[in-house]
Amino acid sequence: MKFTPWPYQIYCINRIVNMPVPGPGLALWQDMGLGKSVEVLTAINELKYNRFAVRRVLVIAPKKVAELTWTQEAAKWDHLKLLRIIPVLGSQAKRVRAVNTPGDVYVINRENVQWIVDYYRNDWPFDMVVIDESSSFKNHQAKRFKALTWVRNKVSRMVELTGTPAPNGLIDLWSQIYLLDGGQRLGKHIGGFRQRYFDPDQRNAQQIFSYKPKQGAGDCIYSKLSDICISMKASDYLDLPEMVYDDIPVTLNPRAEAAYKKLERDMLLTVDENEITATTAATLGNKLLQLGNGAVYGENHQTVEIHGCKIEALLEAVEALNGQHALVFYNFQHDRDRILRATAKSGLHVRVYQGPQDADDWNAGRIDLLLAHPASCAYGLNLQQGGHHIIWFGLNWSLELYQQANKRLHRQGQKEKVIIHHLICTGTRDEDVMEALQRKDDVQGWVMQSLKARIKAIKDQEKKEKK
């Protein structure tokens, strides 16, 4: 696919490419869905292959993002075909093998930052580091932050990406900015930063639990950061249609992938003994969609949980929103129940939509995550005042429900660009549903066609195995 950057993307790419070396890093504070990944990869490609200014790049990202997003983003665009993306994931043996594989960009999950620093020690090979969701480095006492500071002087270019850099207030900025400039702008010590810009808030006689900014602290802090931070909201900078779509790939773990393939093979070959009808197609599709989401209904409608890969991806997507509210659409009741269990101790205000009071509380900003089945609120409901992010945890085949559900936020009175996030399990029925919705034609016909294509593929594979 040909990449035609928008003006704001050209600006960000040029800022990364022309970053002073040696000098401070750069922070891109952009909403989700604005294309931060392709901006960074385009800049890396320019620096690596046109200017010979970088050798090896390390990308630090949330686990689910590290698994697929960066690899798929590079594969999507024609101009990035030379970039070799190496995921550094899995067991220690797999990670060691990965970092010793020739490549340009190495993508690691943030939990393994300390490991990779310890692995290389004084022989640190990465002259450029990108932190995807830098707000996960807001804790100055965290091991990942301390590990990165040990090698910061060996990194020529540091780039941070996040939608909201200060989810808990201005106090979260110090450690992120320290990684960029070594304390030049906000001070070399967190204690001095607190003393200059904050007053104690909640406390007892021995301990201070929280801080509140002094009057004018925000303006003063942001003025100090203006030269190294690019802040962009979708509503201000995105010259696109009013809805932005953000596909978030989800990788099944080996156990879940094996379970999915077994269910797919057994059910598809069984149904092929008879002609595929709309009824059997719907049954097949539902079972496979259920398993992709993480659980299936067994006998007597009991829930059999298979994996938590999609739940984990949902939690990371919510974390990346950094306090922005989201309307989450689920497909099956066990999806809803598992999401509720997973978020029970998160501190988020999570609620299942049941009626007008929930809509009022959402629009008033009292709900962080509003869970809803698209059939329960797809028509005539105004939710645009409560947020501008929609996360599809589980997709369904109904184009009408899909479009109408998205219109709950994308309607008159919405002040922000509505960003639609799809959690899509790779290699599963999710991809077929997404393709059908994007085609916007006879969805039922595509259900039949895609099922027959999968049956043929499985039979062809069996013939090869017998030979």
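Predicted model: local features only at pLDDT ≥ 70, side-chain atom pairs only at ≥ 80, totals over all residues.
Local features are reported only where pLDDT is at least 70, and side-chain atom pairs only at pLDDT 80 or more, whereas totals for chains, interfaces and linings use all residues. Residues are numbered from 1 along each chain as its sequence is written, and side-chain values use heavy atoms, with hydrogens and water left out.

The chain contains 19 helices and 17 strands; helices (H or I, at least four residues) and strands (E, at least two) are DSSP runs, numbered from the N terminus. Of its 467 residues, 54% are buried, where buried means under 20% relative accessible area, exposed over 50% and partly exposed in between (1.4 Å probe, protein chains only). Contacts are defined by heavy atoms within 4.5 Å. Among contacts between residues at least 6 apart in sequence, 70% join residues at least 24 apart.

Strand S2 comprises residues 57-61, and five of the five are buried, so the strand is largely enclosed by the rest of the structure. Val57, Val59 and Ala61 are buried on one side, and Leu58 and Ile60 on the other. Strands are taken to pair if DSSP finds at least two bridges between them. S2 pairs with strand S4 (residues 105-109) in the parallel sense over five bridges, and in this pairing alanine 61 stands opposite asparagine 109. S2 also runs parallel to strand S5 (residues 128-132), to which four bridges join it; here isoleucine 60 has isoleucine 131 as its bridge partner.

S2 and S5 are among the elements against which the buried residues of helix H6 pack, as are helix H5 (113-120), strand S6 (157-162) and helix H7 (173-181). In H6 (residues 143-151), the buried residues are Phe145, Ala147, Leu148 and Val151. Seen down the helix axis, these residues fall within an arc of 165°, so they line one face of H6; the arc is that of the directions from the helix axis to the C-beta atoms. On the other side of H6, Lys143 and Trp150 are exposed.

Histidine 307 lies in the loop between strand S12 (303-305) and helix H13 (309-321) and is buried, with a relative accessible area of 5%. Its side chain reaches the backbone oxygen of leucine 291 at 2.8 Å. A polar atom of the histidine 307 side chain also lies 3.1 Å from the backbone nitrogen of cysteine 309. Beyond its neighbours within four places in sequence, histidine 307 is in contact with residues including Leu252, Asn253, Ala256 and Arg338.

Definitions and conventions: Polar contact = N/O pair within 3.5 Å; in protein donor to acceptor, adjacent residues only side chain to side chain.
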